[in-house]
Amino acid sequence: MSSYRQIFKSTAVVGGASMVTALVGMVRQKATTVLLGTEGYGLVGLFSSGISLIGVITGFGLGMSGVRQIAESNGAGDQQKLARTVRALRFISLTCGSLGLLVALVFCRQLSWATFHSYNYASGFALVGVTLFFLGVSTGQIALLQGLRRIREMAAAQIFGAVLGSIVGVAVIYILRERGVVWFLLSVSGATALASWWFARRIDVGKPVMTANDFVAEGRGLLGMGMAMMTASLVANGKDYLTRVWINHDLGLVSVGLYLASWNMSSQYVGLILGAMQADFAPRLTAVAKDHPQVNRLVNEQMELGVLLALPGVVATLTFAPWVLHLFNSRDFVVAADLMRWLMIGNFLRVVVWPL
């Protein structure tokens with residue numbers, strides 16, 4: 001029972017923060033869909049998915065591998081090892097973020113053509129590439145908070161970043177409309193990076209003196225596991241990008257906007273559950289990784305709780321799909337209700353298999 005209580009307590013804290021973040025995100029989505037319409041919202045989706053694909057490739061899965069390494073060092077009580085891991089992770093994360101920005105600058109024309117069959121959006125992709133640097137900043141900080149199981153700080157950073165990013169982003173869209181799409185994406189990612197840095201800076205793990213060989217040794221462990229994570233993420237993000245591009249080429253930006261809205265609404269509740277579970281599940285699983293019966297029990301408990309938490313929201317979304325789309329977007333998006341129901345079923349299955 002104590003294990004269930006620990007899972008529920010951590011899920012409740014992060015879930016509560018995720019709920020607030022989701023509500024803020026829904027308000028932001030409502031504002032952007034009303035201000036931009038289906039076509040403008042489709043533009044947001046294509047820019048973000050194209051740049052996210054580069055971010056996955058140049059990020060090398062450091063988010064999850066960093067959590068694992070930090071949790072492992074912290075669980076062993078090795079403060080020196082923990083300090084070296086954190087310093088190496090921060091350095092490598094910033095390096096990967098800078099690499100992502102460089103790749104976006106170099107290949108912005110090719111990305112524009114692949115996405116829109118036009119070079120007119122090349123400068124936009126180049127500018128949105130800055131979000132990859134912000135991602136590098138936040139990756140190291142969030143991994144530190146999660147690896148040390150600083151659940152409350154994670155929750156506070158999540159809320160602060162969402163609120164700040166939404167205020168600035170919606171203001172930009174209100175003033176510039178479609179011309180502000182790029183600046184909207186920069187505002188949201190910049191706020192996330194600022195929030196993660198603000199709360200992680202309070203954690204003092206020391207500043208060990210490290211040689212180049214030390215960085216290589218730590219980096220080998222981080223990148224080794226990260227590459228496996230990157231492969232899985234690349235499949236998911238590649239599918240996401242290609243789906244949106246295919247819809248855009250065949251049906252146009254309006255259909256991309258409809259698809260994006262239905263996808264966001266169908267994954268919103270499930271995303272809350274998965275995000276809340278991940279904050280505590282990954283470090284706890286790492287701590288018992290070599291104890292197979294313990295791993296088996298933990299995974300089963302997490303799966304049971306996930307299904308119980310997700311099922312009410314899934315049923316409600318399936319039932320009230322048209323009203324949900326109207327409420328959180330606009331009347332123009334109601335035609336995507338049937339698509340949203342199919343996507344909802346698929347997202348529920350994610351909860352079942354995610355702990356595995």
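Helix 3 passes helix 6 in a right-handed crossing. This is a predicted model. Helix 7 also makes a right-handed crossing, with helix 8. The second largest pocket holds about 280 Å³ of space.

**Helix 3 and helix 6**
- Helix 3 covers residues 79-106 and helix 6 covers residues 130-147.
- Their axes lie 7 Å apart, at an angle of about 165 degrees.
- Angles over 145 degrees count as roughly antiparallel, so helix 3 and helix 6 are roughly antiparallel to each other.
- On the helix 3 side, the contact residues are Val86, Leu89, Arg90, Ser93, Leu94, Gly97, Ser98, Gly100 and Leu101.
- Helix 6 meets them with Val130, Leu132, Phe133, Gly136, Val137, Thr139, Gly140, Gln141, Ala143 and Leu144.
- By class, this contact has ten nonpolar, eight polar and one charged residues.

**Helix 7 and helix 8**
- Helix 7 (residues 151-176) and helix 8 (residues 181-200) cross at roughly 155 degrees.
- Their axes come within 8 Å.
- Helix 7 and helix 8 are therefore roughly antiparallel to each other.
- The contact of helix 7 with helix 8 divides into 17 nonpolar, six polar and one charged residues.

**Second largest pocket**
- The volume of the second largest pocket is about 280 Å³.
- Its lining has 14 residues, and Met26, Tyr269, Thr317, Val324 and Phe328 are the closest to its centre.
- Helix 1 (2-59), helix 10 (253-287), helix 11 (292-319) and helix 12 (321-328) each give two or more residues to the lining.
- By class, the lining has eleven nonpolar, three polar and no charged residues.

Conventions: Residues are numbered from 1 along each chain as its sequence is written. This is a predicted model: local features need pLDDT of at least 70, side-chain atom pairs count only at pLDDT 80 or more; totals for chains, interfaces and linings use all residues. Side-chain values use heavy atoms; hydrogens and water are left out. Axes are lines fitted to C-alpha atoms, for helices over the stretch in contact, and angles run from 0 to 180 degrees between N-to-C directions. Helices (H or I, at least four residues) and strands (E, at least two) are DSSP runs, numbered from the N terminus. Angles under 35 degrees count as roughly parallel, over 145 as roughly antiparallel, 65 to 115 as roughly perpendicular and the rest as oblique. A crossing is left-handed if the near helix is turned anticlockwise from the far one by less than a right angle, and right-handed if clockwise. Contact means heavy atoms within 4.5 Å. Ala, Val, Leu, Ile, Met, Phe, Trp, Tyr, Cys and Pro count as nonpolar, Asp, Glu, Lys and Arg as charged, and the others, Gly among them, as polar. On a 1 Å grid over the protein atoms alone, a cavity is a set of points where a 1.4 Å probe fits but cannot get out, and a pocket is an open set with protein on both sides within 12 Å along at least five of seven lines; lining residues have an atom within 4 Å of a point. Grid points are joined across faces, edges and corners, and a volume is the space filled by probe spheres set on the points.
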